[in-house]
Structures are given as C-alpha cells and as structure tokens.
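Here are my notes, as promised.

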Amino acid sequence: MNAVTPVAETADLVARRPAGQSLEAPFYTGEEFFGLDIEAIFAGHWLFVAAEAEVSEPGDYVTVTLGPYSVIVVRDDEEDVRAFHNVCRHRGARILNEERGSVGNIVCGYHHWTYGVDGRLLHAESQAPGFDPKCFGLRSVHVRTVAGLVYICLADEPPADFDEIITRVEPYLAPHNLAKAKVAAQTDLIENGNWKLTMENNRECYHCVGHPELQACYFPIYGYQEQDIPPALRPAYERYLRADADARETYESLGLPYTAIEELDTRPTGFRIQREALDGAGESYTPDGTAACKRLLAEFPTARLGRLSFHTQPNAWFHLMADHAITFSAIPLAPGRTLVRTTWLVHADAVEGVDYDLETLTKVWKATNDQDAVFVARAHQGVSSPAYLPGPYSPTEQQVEAFVNWYITRLKTHLERQR
Ligand code: FES
Ligand SMILES: [Fe+2]
C-alpha cells in the first residue's frame, strides 16, 4: 500500500487531542483518517481474525480483507495455522476469492501457479531455464494462535510485546479448550459507523439499559466505580457482589485464574482480561442465564463459571463461558462502515438439536449486536453533522478513554516514525 501522507491538519488533530472526551469529527468521518487507520493501526498491530475452529482441518482456509490487503489464513498439513498474503507471486492476482473453503493446494486461477498450504510454490508451467520456484513462495504474514484464537500481524516487525501477553493470558483462556471447539454459528453484521465508534460502544456499559436481553444475564455495572453506580443499578450491584463472591470461591477451588489484568493503553498490544460472575443462573449468555449447551467446552465440574472476558486493541473482544464462547472482531470497510463478525463456539462433539438449540445459544448476542448497530449508526450520523462537538466521557467510560488513548498514542508513534 502506498503510504498515506498525513496532511498537516491530520497530524495536528492527533497531536492536540484533549484527554477525556470523544474525538473530533474527522477521526470518524474523514477518508484521510480511514487510510491512516488501516496503515498505522490495522497494518501495524496484532489482529484477531478467526477462531482456530474455523480452520480445523488441513487445507481449511479463511480470507481476511483489511483495506487493500487480503490475507489467507490456512491450516497446513502439519496442522499448524499459517498466514500468507493473498497475492500471486507471478503477476499478482488475488488467488483465493472466497471468504472460506478447503483446498488441497492453493491454486491461482489466472495462470495456475500452484502453491502448497505451506506457501511453497509447487508448480509453475513453462518457465525459463533457471527459474527457481523456491524464490516465489507466497509471502508470509506473522501469525500466532492464542489458546484457539488466531491473530495475524501485517507489519514487517510486529509489536514485540505479544508473546509476553500470550504467556499471561493463556492460563485464563486455555481451560476452555477453544482449539478443539467447533463453530456453531457465525454472523456478519455491517454497522453503519466508523470502526472506532464500534469499539468505543463495546468498551462501555453506560448504554446497557438499551440491551434488555443482555441485562437478564449480565450485570450492567461494567466500568462503574462503586461510588458512581446509579440508584437504578444498585440492586444489580448487590446481586453482583454476592454472585461474584460465590464465583471466586469456585474459581479458587478449580484453579481458574480470574483477577483482572488491565493494560489497555500502556503498551503496543493493549489488552484486558477478567473472569467474573454472570447474572441469572450465572452460567451463560442466554435469556435466563442457564447453559445453552449441555456438552460443556471442557470437563468442568460446574457450568456456573460466569464469563471470562478478554479484549485486545484494536479490534476484538471475547466472552468464554463453561458451555460456549463468543468471539467478536471489528473490521473497517469504509469510514462509515464496519464489519462485526460474531462466532459462537461449542464443544466439537456437541450436537445441534440435542445438546444445544441454536436460537437459545445466539439469542442474547444477536439481539445485543443489532441494538449496538443502531447505537453506532446514530453516533456516526451525529458526528457527521457540522454541529458535532466532542463531548466528555463519564468515569464509567474509562475503557473508552483507554481505547482512544491507545489509538492516539499508536497514531503518534506511527507519524513520528514517518518523519
Ligand atoms: S497471476 Fe497468478 S498465475 Fe499468473
Ligand atoms: Fe452495547
């Protein structure tokens, strides 16, 4: 991709962004910021792009589109997950043109250069003497699997802190066995808003009264300090304290890590992880909080494990319960369009209609996603008005501020490197 040369105004807006309030309109609506976001944020950081369960067999692949980039994530014959630029080494054609599928080899449809699922060029017809196929393998993209979650990084030199983060979060994630799970459902939702509005919306529960289905099984106190909890949420807070005390006993007895680690804006790969109680029956994100899947993800002695929530900047969040897990990724499509991909994972041997009912499994988050899409679209419409002025974040929106801080810091770092 050609470097986006930031106009002086763009760099100035980044440099003088005041803390504690929403961004100025061009960050959300401007083409120049969209290009900068792809280059500085999405091409420069570790991105969650798929669950390992989406590529469970050798040859299974998904393609991921990020601005001008297309990446193939594929399981190779050694059962490792690999990632390659989806660009033929002959004359550059995009090779795989479906979102997902399964292949024996990766064959370019133009002149049929044929690559192995390990990226090696296996066959190129009618080449000149001296042609060395070893020089024309697919260009690889950095990839890591994190307890069943696939991350890629397009940068030549990815942020070096990710391996340390993997070491710290895998003890939380690994007990849920996601590497051995299967995909029960997946939805692609296009939100009519900038990707940062999608992420900001995800990082707070100030708006959670707008999620009736979620509120039945989720304590809507996310982000609140005790003194800031409004009277209407006090009963939920009291229930939360009791449920969380119980949950902690369970976590301790099972040796499941639960304490919050929150490093959202202090490092290149901002992240947060915490295990805590759910409301209702306390088992799952379902209309009454009971497990949606009888077959649990692992040999847990109880389904009442609440939720393990994991966030990574810039574009992902996850909820892992005893019975299922949900992954979310946000992919920018245009300044005012964002793809939100949601994937529900269950035990590989769980049978639909026997162990779980798809509607019960997906009901809460399908409804919540639809409601969030409305909020994000309205926010985008509002910030597109010439009358929009940045407004203050409430203390309960401190993770929104952390996201925006992280974002601004990463842009500054990128712009400094370009000087
Ligand atoms: S561009 Fe792929 S084989 Fe020619
Ligand atoms: Fe929401």
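Which residues does Cys 108 touch, not counting residues up to four places away in sequence? I'll take that one first, after a word on conventions. This is a predicted model, where local features need pLDDT of at least 70 and side-chain atom pairs count only at pLDDT 80 or more, while totals for chains, interfaces and linings use all residues. Residues are numbered from 1 along each chain as its sequence is written, chains are lettered from A and ligands numbered from 1 in the order in which they are written, and side-chain values use heavy atoms, with hydrogens and water left out.

1. Cys 108. Its contacts (heavy atoms within 4.5 Å) are Cys 88, Ala 93, Ile 95 and Trp 113, not counting residues up to four places away in sequence. Cys 108 lies in the loop between β6 (106-107) and β7 (114-115); helices (H or I, at least four residues) and strands (E, at least two) are DSSP runs, numbered from the N terminus. Cys 108 counts as buried because its relative accessibility is 2%; the classes are buried under 20% relative accessible area, exposed over 50% and partly exposed in between, with a 1.4 Å probe and protein chains only.

2. Four antiparallel strands make an open sheet, ordered β4-β3-β2-β5; strands pair if DSSP finds at least two bridges between them. At the edges are β4 (81-85) and β5 (100-102), each pairing on one side only.

3. β2 with β3. Six bridges link β2 (residues 60-66) and β3 (residues 69-75) in the antiparallel sense. Val 62 has Val 73 as its bridge partner in β3, and Val 64 has Val 71. Two residues sit between the strands of this hairpin, and Gly 67 takes a positive phi near 55 degrees.

4. β3 with β4. These two run antiparallel, joined by five bridges. Val 71 turns up again here, opposite His 85 in β4. This hairpin has five residues between the strands, with Glu 79 at a positive phi near 75 degrees. As for cover, six of the seven residues of β3 are buried.

5. Iron ion (ligand 2). Its protein donors (N, O and S atoms within 2.8 Å of the metal, or 3.2 Å for Na, K and Ca; water is not among the atoms, so sites may look incomplete) are His 207 (NE2), His 211 (NE2) and two OD atoms of Asp 372, at 2.0 to 2.8 Å. The sequence spacing of the donor residues is H-x3-H-x160-D. His 207 is in the loop between α5 (195-202) and α6 (212-215) and Asp 372 is in helix α8 (residues 358-383), so the pair ties together parts 165 residues apart in sequence. Both His 207 and Asp 372 are buried.

6. Pro 390. This residue is in the loop between α8 and α9 (398-418). Pro 390 counts as partly exposed because its relative accessibility is 26%. Gln 21, Ser 22, Leu 23 and Glu 24 are the residues Pro 390 touches, not counting residues up to four places away in sequence.
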